[in-house]
Amino acid sequence: MAKRRYQRYPVSGKNSLRFWPDAVSPLRVIWNFFVLSLCRIAPSFVVKNLLYRILGVKVGKDASVGLMVMLDIFFPEEIEIGENVIIGYNTVLLGHEFLRDEWRKGKIIIEKDVVIGANCTVLPGVVIGEGAVVSAMSLVNRDIPAHSFYGGVPVRDLGTREV
C-alpha cells in the first residue's frame, strides 16, 4: 500500500482544530465557504469549474463535479481534478485533516477519466490513477492504481471493472 503524501503540523495543548486560524486566514475560509456552497448547488459545470479555478483548484477540461460535492474549504488549492473526470453526488474531497495532536495537509490528485461514485470521502495525500473507478460510499485513504476498480470503507481492490 502506497503511503499518503502529506505535511504534518504538530500542536500541543488544545486539539489541532483549535489552531485553524493560524493555518489559514478566517476571511479566506469565509470566502471559500461562500463560493464552494454556491458550487454545491450550481447545475452548470462551466460555472462550477470557473469558480473552482478562481479558488485555486486545478480542473481539467470536461470535468463534471456533481451536485452537493464539497471541496476542502481550508485548502481548495490542494485539489487537482483531471480531464473528463466525474465526481458523484455528495462526495467530499479533503486537502487537510485535523487530529488531536497534529493536523495534516496534502494534495489530492485525480487523474483523467476517473469516476468517483456518490457519497465518497477522499482524504489528503491521495492519487487516484487515470481511468480508475471508485464505487459509491467509499473512503479513499490510499492511492488507487490506474484503470482499477476500488471501493469500500476503507477502499480495497474490487477486481476488474466492467466496461
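This report walks through a predicted model of one protein chain, from its overall build to single residues.

## Overall build

The chain holds three helices and 17 strands. Its radius of gyration is 15 Å, close to the 15 Å that the globule rule gives for 163 residues, so the chain is as compact as a globular protein of that length. Along the principal axes, the C-alpha trace spans about 50 × 35 × 20 Å.

Buried residues make up 47% of the 163 residues. The accessible surface of the chain comes to about 8,600 Å². Carbon and sulfur atoms own 60% of that surface. Residues 24 or more positions apart account for 39% of them.

## An open parallel sheet

Strands of a sheet pair through backbone hydrogen bonds, either parallel or antiparallel. Here, four strands build an open sheet with parallel pairing, in the order E4-E7-E12-E15. Strand E4 (70-71) and strand E15 (139-140) are the edge strands. Each of these two pairs on one side only.

How many bridges join strand E12 to E15? There are two, and the strands run parallel. E12 covers residues 121-122. Threonine 121 stands opposite leucine 139, which belongs to E15.

Alanine 136 sits in the loop between strand E14 (133-134) and E15. Its relative accessibility is 41%, so alanine 136 counts as partly exposed. Leaving aside residues up to four places away in sequence, alanine 136 touches Gly117, Ala118 and Cys120. Alanine 136 and glycine 152 are 16 residues apart in sequence, and their C-alpha atoms are 8.1 Å apart in space.

## Strand E9 and its partners

Strand E9 pairs with E1 and also with E8. Strand E1 (residues 7-10) runs antiparallel to E9, with four bridges between them. Proline 10 has glutamate 102 of E9 as its bridge partner. Strand E8 (residues 96-98) is also antiparallel to E9, through three bridges. Phenylalanine 98 stands opposite tryptophan 103 in E9. E8 and E9 form a hairpin, with three residues between them.

In a regular strand the side chains alternate between the two faces of the sheet. E9 can be read with that in mind. Glu102 and Arg104 point one way, while Trp103 and Lys105 point the other way. All four are buried.

## Salt bridges

The count of salt bridges comes to eight. One of them joins arginine 104 and glutamate 102, at 2.6 Å from N to O. Are these two residues buried or exposed? Arginine 104 has 15% relative accessibility, so it counts as buried. Glutamate 102 is buried too, with a relative accessible area of 9%. The cut-off for buried is under 20%. Salt bridges that share partners join Arg4, Arg8, Glu97, Glu102 and Arg104 into one network.

Glutamate 80 has salt bridges to two lysines. With lysine 58, the closest N and O atoms are 3.9 Å apart. This pair links distant parts of the chain: glutamate 80 lies in strand E5 (residues 79-81) and lysine 58 in strand E2 (residues 58-59), 22 residues apart. With lysine 107, the N to O distance is 4.0 Å. Lysine 107 lies in the loop between strand E9 (102-105) and strand E10 (108-110), so its pairing with glutamate 80 ties together parts that are 27 residues apart in sequence. Lysine 107 counts as partly exposed because its relative accessibility is 35%.

## Helix H2 and a nonpolar patch

Trp31, Phe34, Leu50 and Ile54 form a nonpolar patch on the surface. Together they have about 450 Å² of accessible area. Which elements give two or more residues to the nonpolar patch? They are helix H2 (26-41) and helix H3 (45-54). Phenylalanine 34 is in helix H2. Its relative accessibility is 53%, so phenylalanine 34 counts as exposed.

Arginine 40 is found in helix H2 as well. Not counting residues up to four places away in sequence, arginine 40 touches Leu67, Met68, Val69, Met70 and Asn90. Arginine 40 and tyrosine 52 are 12 residues apart along the chain, with 11 Å between their C-alpha atoms.

Note on methods:
Residues numbered from 1 in each chain as written. Predicted model: local features only at pLDDT ≥ 70, side-chain atom pairs only at ≥ 80, totals over all residues. Heavy atoms only, no water. Patch = residues over 30% accessible without salt bridge, like charges linked within 9 Å, V, L, I, M, F, W, Y side chains within 5 Å. Areas by Shrake-Rupley, 256 points an atom, 1.4 Å probe, with all protein chains shown as cover. Salt bridge = Lys/Arg side-chain N within 4 Å of Asp/Glu carboxyl O. Buried < 20%, exposed > 50% of the residue type's maximum accessible area, 1.4 Å probe, protein only. Pairing = 2+ DSSP bridges. Rg over C-alpha atoms; globule rule 2.2 N^0.38 Å. Contact = heavy atoms within 4.5 Å.
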